[in-house]
Amino acid sequence: MIPTIREAFTRAWGKMKEVLFCPFDWRTWLILTLGFWLAELGKGGPNIRGNLITDKDTGKVLLQQLDTIAKELEIPLELFILQIAAVLFFIFITLGILFLWIRCRSRFIVLDMLIRGARAETFGNRWTTFQLPGNSFFFTQVLLTVAMVFFGFCTAAGAVLGISALLQGKEICSNSTAVILIGSALLIFTLLAVAIAIYLLLYQDFGALLMYRSGCSGPEALRILNRKLMERPWTFLRYLTGLLLFSIFVSVLILLFACITCCIGGLLLALPFLSTMILLPLLYARWQFTLEFFDNPEMLD
C-alpha cells in the first residue's frame, strides 16, 4: 500500500535515525557522505560569489587587462573575448557531462546503501557493479536534459526579443494579435520546460529505483514511467507535493542554522563535502522518502 505524505516522512525519518544514530558510527556516516556527495555532485552549480559583474571599476580593470593581452597577441578584443568565452563554455559543458555521469552511477550506489546497508559491500565494488545501469541511466538523462535546455533557451530567447521589441517601440507591439501569439508561445515554452524538469526529477527518483530493482535499461524505465504516470497520476502528484513541503522545511532549517551560528553555519554549508556531511540526516530522509513511496509492488510491477 502506498503511504500518505505524513506516513512516508514518518517512516523515512525513523529509518534515518535508526541507521545514523542507533548507534552512531563515524565510518558509516563517512561512507554515506561520500555516496550522497557524488550523487549530488555539481547539481546546484558552482557556488561562486564575485563582483566582476556588479562592480564597474573591477569590470573596467579586467577589460583593460584583456585589451592589453589582445594587443600583445595582435588579436581584436572582441575576437579574443569570444575565444575565451568559447573555451569557458567548452570547459563548463565538459564538467557538466562528467558530473552527470558520476551522479548517475552514484545514484545506484546510494540506493544500494539505503536498501542493503552502507557497509554491506565496499564502495569500489559497488562502483564496478553499477557500471552498465549507470551508463544507460546517463545517456537517457542526457536526452531529457537537452530537451529541457532547448525549451528553456527558446523561452529565454523569446522573452529577450519580446522585451527588446517592446522597449524599442516596434510596430509589432501595437498589434494585439501578435502580442497575444508571442505571449502564448512564451507561456507554452515555459510550461514545457517546467514539465520536462519535473519529468526528469521523476525519472531520476522512480526510474533509477526501477532499474535497480528490475535490471531494465534506461529507455525501458522511461516507458514504464510513462505508463505509471497514466495509471497513477495522483500518486506522483502526492509525491511531488511531499518533496515541495520537504524542500521548504529544509530551507527553513538551513536559514535558522545560519542565523543561530551567526552565518558561520552558512559558510560551512558552502563547502561541498562538508555541507553533505552536515546535511546527511536530511539527505538520507529525502532519499528514504522516495523509497517509501516507490519501493513497493504497486509501483514497480
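The second largest cavity of this predicted model has a volume of about 40 Å³. A cavity here is a set of points on a 1 Å grid, over the protein atoms alone, where a 1.4 Å probe fits but cannot get out. Grid points are joined across faces, edges and corners, and the volume is the space filled by probe spheres set on the points. Lining residues have an atom within 4 Å of a point. For this cavity they are Arg 107, Leu 111, Gln 204, Asp 205, Ala 208, Arg 286, Trp 287 and Thr 290. Two or more of them come from each of H4, helix H7 (176-214) and helix H12 (280-294). Helices are DSSP runs (H or I, at least four residues), numbered from the N terminus. The lining comprises three nonpolar, two polar and three charged residues. Ala, Val, Leu, Ile, Met, Phe, Trp, Tyr, Cys and Pro count as nonpolar, Asp, Glu, Lys and Arg as charged, and the others, Gly among them, as polar.

The largest cavity holds about 60 Å³ of space. Its lining consists of Ala 39, Lys 43, Leu 100, Arg 103, Cys 104, Arg 107, Phe 137, Gln 141 and Gln 204. H4 gives the most, with four. By class, four lining residues are nonpolar, two are polar and three are charged.

In total, two cavities reach 30 Å³ or more. Residues are numbered from 1 along each chain as its sequence is written. Local features need pLDDT of at least 70, side-chain atom pairs count only at pLDDT 80 or more, and totals for chains, interfaces and linings use all residues, while side-chain values use heavy atoms, without hydrogens and water.

Conventions. 1 Å grid on protein atoms, 1.4 Å probe; cavity = no way out; pocket = protein on both sides within 12 Å on 5 of 7 lines; lining within 4 Å.
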